[in-house]
Amino acid sequence: MTTTEPTNSELARSADGPSPVRRRRAYRQDRNGPVFWIGIIVLALIFVIPLLWMFLTSFRTVEDSRRIPMTLIPDEFTLRAYQLLFADEQNPVFLWALNSFIAAAAHAILVVVVASMAAYALARMQFRGKNALFVIIIATLFVPGFIFLMPNYLIMDQLGWLDTLIALIVPGAAGAFGVFFLRQFFLAIPKELEESARIDGANTWQIFLRVVLPNAKPALVTLGVLSFLGNWNDFIWPVFVLFSPERLTLPAGLATLQAAYNIDYPVVMAGATIAALPVLILFIFVQRYVIEGVATSGLKG
Amino acid sequence: MTSSTFTGAEAVEAAVTASPPRKGGRLRLNHPATPYLMLAPYVVLLCAFVLGPAVFGIWVSLHDWDFLLPNKPFIGLQNYADLLDPDSITFEPFWKGMRATAIFVVASVPFLVLIPLGIALLLNRTFPGRSMFRAIIFAPFVLGIAVIGVLFRYLLDSQFGLFNYLLGLVGIDPIGWTQTQPAAWVALVGMTVWWTLGFNTVIYLAGLQGIPRDHYEAASLDGAGSWNKFLYVTIPGLRNILVFILTTTVLASANMFGQSYLVTNGGPGDSTRTAIMVMTQEGLRSFKMGSATAMSYILAVFLIIISAINFLALREREKK
């Protein structure tokens, strides 16, 4: 029965955790002076303006993008940059976007499926080699990722995965973060739920699929979103394992786009906007999951 | 979630007392093969793409492994010896890269540790629009280095960039952000701070909200001002978070690649060509995998030592 102790303290912690914050907010409102508000607004502008500049420049004419004095709002809005990109067969930005989406979505699904099964076994089952395996998984969290670049490149070559999206989807799913993250969450789910399903005659797989996973939805969404974003934004790996123009993802493509268009900045900014908008829109909807996922990863570490 | 403290305890009790007919207790109810089946997909991936490559990489580093040549002769530790031998051709680029990485780490980490702490303290106050503000400063991090890289190459353009234009408005001559030093380091550090600051801020914020309010109240009763509260309540309360942030930030900065690749292309000269850039150039562009893997292991050893020092130094102080 010793294994239940950490679970209880987990529960106690997660039960105390959020509630005092909420209570505090209810009765306590800080008084903030004008200096505070000026600081907040200036800070917000520092983060908004560069992104706004990128977005607006993508609608500028080349002349406008080089004119002094500069203006925030373009003289005239033109779709020239987007039309150029649409017609550019060497830099098929929309195909890159599709590739990025396929790779990121497939990767996220793979991570959630594989990590949730492994995490459940580690959280709730007793078997030989469990502690050794868990130590190995944790240890891999401390190994810098770049040491895998060269050997994994050779493995991709052996498997015939170079220059394919599979190279972006599969190897990254071996990361330990998802297993670690979900294990922590599963440990905090009250065992009672699983016990009662067991009494109703459910087997382990049924319990896992119908009791545990539905109860872990926030954690699964968080992991899925973080994996999607991480894969969508991954840069160093696709830059080296993808080569054909039609196989690239957006980050690798942006590097070739920048080389091709150099100082035709409206076109480069249009490419960047196409890469940025989907994640920004996704982020608006799921920012709570992303930010809380990041915050808890820090607290656990 | 508030009731879960009780349900957890009840579950234990139930397992001990209320269900004697069950044989062997809760943990042996699954088929003995089930845990292995559930782990199998992950363990296969782990062996194929993490454990296998880590060992395979060492094997590669012991060979004159040219990806494009059929013969890959075993040369023992020669690749490592070359990296330590000033007369070899790999020595100079590698250590220049290590130097660039070290400069970037030393220049960026203080800002990445301190500025987010300041912003987190600001955000720890209550004000309308707080979560929107938190989302805004986190947004650049969500975009990834490729978008941020091409955006900053434009903003930093000495002729057409926004920064030099704004500096011109206050009478400062155009700066060659990507062509001169130390301007290039200032630019790379600045853009990195802008890009990743939200990440550390969010972690600090979670840590700040974990410090019990009554610790501050007790300090107030003892007559502590806000500076003393910061020093004696906030900082000790954030000890573990600080260890985490310092360690992950050093590692992230030591992994710097995209900023130099996209914005300065390693220039001016080779001054911002980081260790990762040198290593990927050697292994994945020139396909000299042997020397490149040797480089990666040397850098990895450096990073593991630095993380261990960080970790031990801050943990030790906690004990005193």
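Predicted model: local features only at pLDDT ≥ 70, side-chain atom pairs only at ≥ 80, totals over all residues.
## Chain A

Let's start with the overall make-up. Chain A has 16 helices and 0 strands. Of its 301 residues, 43% count as buried. If you look at contacts in chain A between residues at least 6 apart in sequence, 75% of them join residues at least 24 apart.

Helix α13 (residues 217-233) of chain A is worth a look on its own. With 13 of its 17 residues buried, α13(A) is mostly covered.

## Where the chains meet

Now for the two chains together: 88 residues of chain B are in contact with 90 residues of chain A. On the chain B side, the largest share comes from helix α2 (residues 34-61) of chain B, which puts in 16 residues. Sorted by class, the side of chain B that touches chain A has 61 nonpolar, 19 polar and 8 charged residues.

## Domains of chain B

Chain B splits into domain 1 (21-61) and domain 2 (81-319). Taken over C-alpha atoms, the centres of these two domains of chain B are 35 Å apart.

## Helix α4 of chain B and its partners

Two packed helices are described by the angle between their axes and the distance between the axes. Take helix α4 (residues 91-123) of chain B, which packs with helix α11 (residues 239-254) of chain B at about 140°, the axes being 9 Å apart. The crossing of α4(B) and α11(B) is right-handed. On the α4(B) side, the contact residues are B:Thr101, B:Phe104, B:Val105, B:Ser108, B:Val109, B:Leu112 and B:Val113. From α11(B) come B:Ile245, B:Leu246, B:Thr249, B:Val250, B:Ser253 and B:Ala254. By class, this contact has 9 nonpolar, 4 polar and no charged residues.

α4(B) also packs with helix α13 (residues 275-285) of chain B, at an angle of about 145° and with axes 7 Å apart. Which residues of α4(B) meet α13(B)? They are B:Pro93, B:Phe94, B:Gly97, B:Met98 and B:Thr101, and they face B:Ala275, B:Met277 and B:Val278 in α13(B). The class count for α4(B) with α13(B) is 6 nonpolar, 2 polar and no charged residues. Notice that B:Thr101 is listed in the contact with α11(B) and also in the one with α13(B).

Key
Residues numbered from 1 in each chain as written. Chains lettered and ligands numbered in written order. Axes fitted to C-alpha atoms, helices over the stretch in contact; angles between N-to-C directions. Helix = DSSP H or I, 4+ residues; strand = E, 2+ residues; numbered from the N terminus. Left-handed = near helix turned anticlockwise from the far one by under 90°. Contact = placed C-beta atoms within 7 Å. Nonpolar A, V, L, I, M, F, W, Y, C, P; charged D, E, K, R; others polar. Domains from an automatic or database assignment. Buried ≥ 20, exposed ≤ 12 C-beta atoms within 10 Å, placed from the backbone.
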